[in-house]
Amino acid sequence: MKKFKISIITVCLNSEKTIERAIQSVLNQNYDKKNIQHIIIDGKSKDNTIKIIKKYQKKIYYWESKKDG
């Protein structure tokens, strides 16, 4: 049975209280890890959100932090 790639997009801003739980939730999925793409788009957080994302960056497919348009 062929497994499909799953993209999970997390959008956040100043989410230090919840972003780690969101990342861990994605990492704890039973789906084949090579078929999960976790993308995090941050709106240029001013709290510890970026520090937490960087802690997991090797396990995140893509992330960026820039001011919302």
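**View 1. Lys55 sits in helix H2 of this predicted model.** Helices here are DSSP runs of H or I with at least four residues, strands are runs of E with at least two, and both are numbered from the N terminus. Lys55 counts as exposed, because its relative accessibility is 58%. Exposed means over 50% relative accessible area, buried means under 20%, and partly exposed lies in between (1.4 Å probe, protein chains only). The side chain of Lys55 makes a polar contact with the side chain of Glu20, at 2.8 Å. A polar contact is a pair of N or O atoms within 3.5 Å; within protein, one must be able to donate a hydrogen and the other to accept it, and residues adjacent in sequence count only if both atoms are side-chain atoms. Asp68 is 13 residues from Lys55 along the chain, and their C-alpha atoms are separated by 23 Å.

**View 2. Ser45 lies in the loop between strand S2 (36–42) and H2.** Ser45 counts as buried, because its relative accessibility is 12%. Its side chain makes a polar contact with the side chain of Asp42, at 2.4 Å. The Ser45 side chain also reaches the backbone nitrogen of Asn14, at 2.6 Å. Setting aside residues up to four places away in sequence, Ser45 touches Leu13, Asn14, Ser15 and Ser65. Contact means heavy atoms within 4.5 Å.

**View 3. Nine residues form the largest nonpolar core.** They are Cys12, Ile19, Ile23, Ile40, Ile50, Ile52, Ile53, Tyr56 and Ile60. H2 gives the most, with three residues. A nonpolar core is a set of buried Ala, Val, Leu, Ile, Met, Phe, Trp, Tyr and Cys residues joined through side-chain atoms within 4.5 Å. Ile50 is also in contact with Asp42, Trp63 and Ser65, leaving aside neighbours within four places in sequence.

**View 4. The protein chain has two helices and three strands.** Along the sequence, the pattern is β-α-β-α-β. Of its 69 residues, 30% count as buried. The C-alpha atoms fill a box of roughly 45 × 25 × 15 Å along the principal axes.

**Notes.** Residues are numbered from 1 along each chain as its sequence is written, and side-chain values use heavy atoms, with hydrogens and water left out. In this predicted model, local features need pLDDT of at least 70 and side-chain atom pairs count only at pLDDT 80 or more, while totals for chains, interfaces and linings use all residues.
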